[in-house]
Structures are given as C-alpha cells and as structure tokens.
Amino acid sequence: MKHVIVVLVLSLVVVSTALAAPAFQTISNARVKEAITEFVRQKTDGLGMETTLKRIGFQGDLKVPVGEVSFEVAAPNRWEGWGKANLAVIVRVNDRVERNISVPVEVEALGDTVVVLRALERGDVIGAADVTVQRRDISTLTGRVYRSADEVIGKRARMPVRANMPLRGDQLEKVPLVKSGQLVTILVENQAMRLTATGKARGNGAEGDIVMVQNLGSLKEVPARVIDAGTVQVDF
C-alpha cells in the first residue's frame with residue numbers, strides 16, 4: 001500500500017514539472033535580416049538613392065518565448081542610411097523586450113552627386129563650368145555631399161580639392177560679401193517705415209549671414225543680416 005502512494009506522488013511531480021516548462025519559438029536568421037532590410041529601405045526611401053545591403057553581420061537563429069513577435073530597428077542619430085553602422089535590433093514578444101542585439105551593416109548607395117571637373121585651390125570660386133552631376137557611390141564618403149550644382153556655384157573652396165571628386169559640405173564656404181571694417185548701409189524696414197543709417201561691419205559675412213554692425217551715429221552695435229556687398233538689414 002505504501003508503494004502505491006509513492007508512485008502516485010512521483011507521477012504528480014512529473015506532471016507538474018511538464019506543465020511549468022516554458023514554450024519557445026525560433027525566429028529564423030532570414031526573418032531578422034528581413035526586418036533590417038525593411039528598416040534601411042524606409043530610411044532611404046524618397047532620397048533618390050539606389051541602396052544595396054552589402055553586409056548584415058548577423059548569424060544564427062533566435063530562440064524566444066511563444067507569442068506575437070515584433071521588431072524595432074534603431075540606427076545612430078547621424079547615420080543617413082548608407083555606409084557602415086551598428087544597428088540595434090530589439091525583438092519583442094507580446095510587447096515585452098526579449099532580445100536587444102547589435103548588428104553591424106554596410107549599405108552601398110548610388111545617387112546623384114556634384115563632382116568637380118578641375119582641381120581646386122583654396123579660395124577658388126566655383127563656376128558652372130567647374131562641376132557636373134554624376135551617379136556615384138557615396139557610401140564611402142564622410143559628411144554631407146551636394147546633390148545639385150546650384151548648391152555649389154558661387155561658393156569657394158576652403159581647401160584644395162582634386163579633380164573628378166565629389167564635393168563635400170566641409171570643403172566649401174560661401175563667399176563673404178561684407179568684410180570686417182567695411183562701411184555699410186544699415187536698413188531698418190517694415191510695412192510702415194524705411195530707415196537707413198551708416199554703419200561699420202564688425203565681421204565678415206556672406207549673403208544671409210548675421211554680422212555685428214556698429215551704427216556710426218549712435219555707436220551702438222546691432223546684429224544685422226547681409227543683403228548684398230554694401231547693405232545689411234536689421235530684423236525686428
């Protein structure tokens with residue numbers, strides 16, 4: 001009789017353990033890569049780029065609890081969607097975070113970019129004949145690249161640039177129209193009035209830049225926006 005009782009107790013323990021065992025599901029390697037591919041597609045959509053995922057540094061499958069699976073992919077703030085980056089892939093099951101993995105990726109991007117046709121020296125002003133727009137792989141370039149020739153014509157080189165190279169944002173600057181110490185006309189204007197005064201620029205400024213200007217009548221310094229080579233405007 002005691003032997004029967006022991007058997008029954010052991011049976012109950014086995015059944016209880018089986019019921020408590022968690023259930024898992026497998027997320028395939030292909031499904032994770034599909035989520036990453038879709039993220040890159042959405043990030044670069046509408047930019048006029050042809051992107052290709054050259055590398056996704058993720059191997060193997062993931063085991064997570066049974067439930068409804070969702071993915072969230074995040075990139076570094078300054079990543080534009082091409083080149084190399086480490087993406088954060090967050091896997092949720094029933095809205096609960098189960099995995100958070102870092103996945104290195106490399107994305108090739110072909111897009112229109114402004115290419116300089118001749119070598120530029122520091123201080124050279126770019127004309128229409130100096131540049132063209134070509135389809136290039138910009139994924140290996142650092143910093144902003146120009147997409148339209150109108151963005152660069154009239155600007156000057158801040159440093160030497162080799163011929164047949166895409167132009168980057170840090171290589172060019174606007175040409176100053178007003179120079180420090182120059183006499184300028186200070187314009188104060190709205191719908192009700194228009195006043196002018198003579199002033200002296202306290203810094204260099206290109207069109208649209210804000211420079212400090214001293215009013216020679218009151219000797220007060222005010223910030224003003226450069227309009228042309230001899231005029232600045234005080235906004236109020």
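A pocket here is an open set of points on a 1 Å grid over the protein atoms alone, with protein on both sides within 12 Å along at least five of seven lines, and its lining residues have an atom within 4 Å of a point.

**Ground rules.** I'm working on a predicted model, where local features need pLDDT of at least 70, side-chain atom pairs count only at pLDDT 80 or more, and totals for chains, interfaces and linings use all residues. Numbering runs from 1 along each chain as its sequence is written, and side-chain values use heavy atoms, with hydrogens and water left out.

**Pocket.** I looked up the largest pocket and got a volume of about 170 Å³. Its lining takes in Arg78, Trp79, Glu80, Trp82, Gly83 and Lys84, plus Ser139, Thr140, Leu141, Thr142, Gly143 and Arg144. By class I get three nonpolar, five polar and four charged residues in that lining.

**Salt bridges.** I used the cut-off of a Lys or Arg side-chain nitrogen within 4 Å of an Asp or Glu carboxyl oxygen. The structure holds 15 of these. For burial I took buried as under 20% relative accessible area, exposed as over 50% and partly exposed as in between (1.4 Å probe, protein chains only).

Which residue does Arg118 pair with? Asp130 is the partner, with the closest N and O atoms 2.8 Å apart. Both sit in the loop between strand E6 (96-116) and strand E7 (131-137), so the bridge ties together parts 12 residues apart in sequence. Strands are DSSP runs of at least two residues, helices (H or I) of at least four. Arg118 is partly exposed at 32%, whereas Asp130 is buried at 12%.

Next I checked Glu221 and Arg202, whose side chains meet at 3.2 Å, N to O. Glu221 is in strand E14 (residues 221-228) and Arg202 in the loop between E12 (194-201) and E13 (210-215), so this pair links parts 19 residues apart in sequence. Glu221 comes out partly exposed at 43%, and Arg202 is partly exposed at 40%.

Glu98 and Arg96 also bridge, at 3.4 Å, N to O. Glu98 is partly exposed at 28%; Arg96 is exposed at 58%. I also noted a salt-bridge network linking Glu50, Asp112 and Arg135.

Asn29 lies in helix H2 (residues 29-44) and is buried, at 15% relative accessible area. I find Asn29 and Leu62 33 residues apart in sequence and 7.4 Å apart in space, C-alpha to C-alpha. Phe236 follows strand E15 (231-234) and is exposed at 62%.

Technical notes: On a 1 Å grid over the protein atoms alone, a cavity is a set of points where a 1.4 Å probe fits but cannot get out, and a pocket is an open set with protein on both sides within 12 Å along at least five of seven lines; lining residues have an atom within 4 Å of a point. Grid points are joined across faces, edges and corners, and a volume is the space filled by probe spheres set on the points. Ala, Val, Leu, Ile, Met, Phe, Trp, Tyr, Cys and Pro count as nonpolar, Asp, Glu, Lys and Arg as charged, and the others, Gly among them, as polar.
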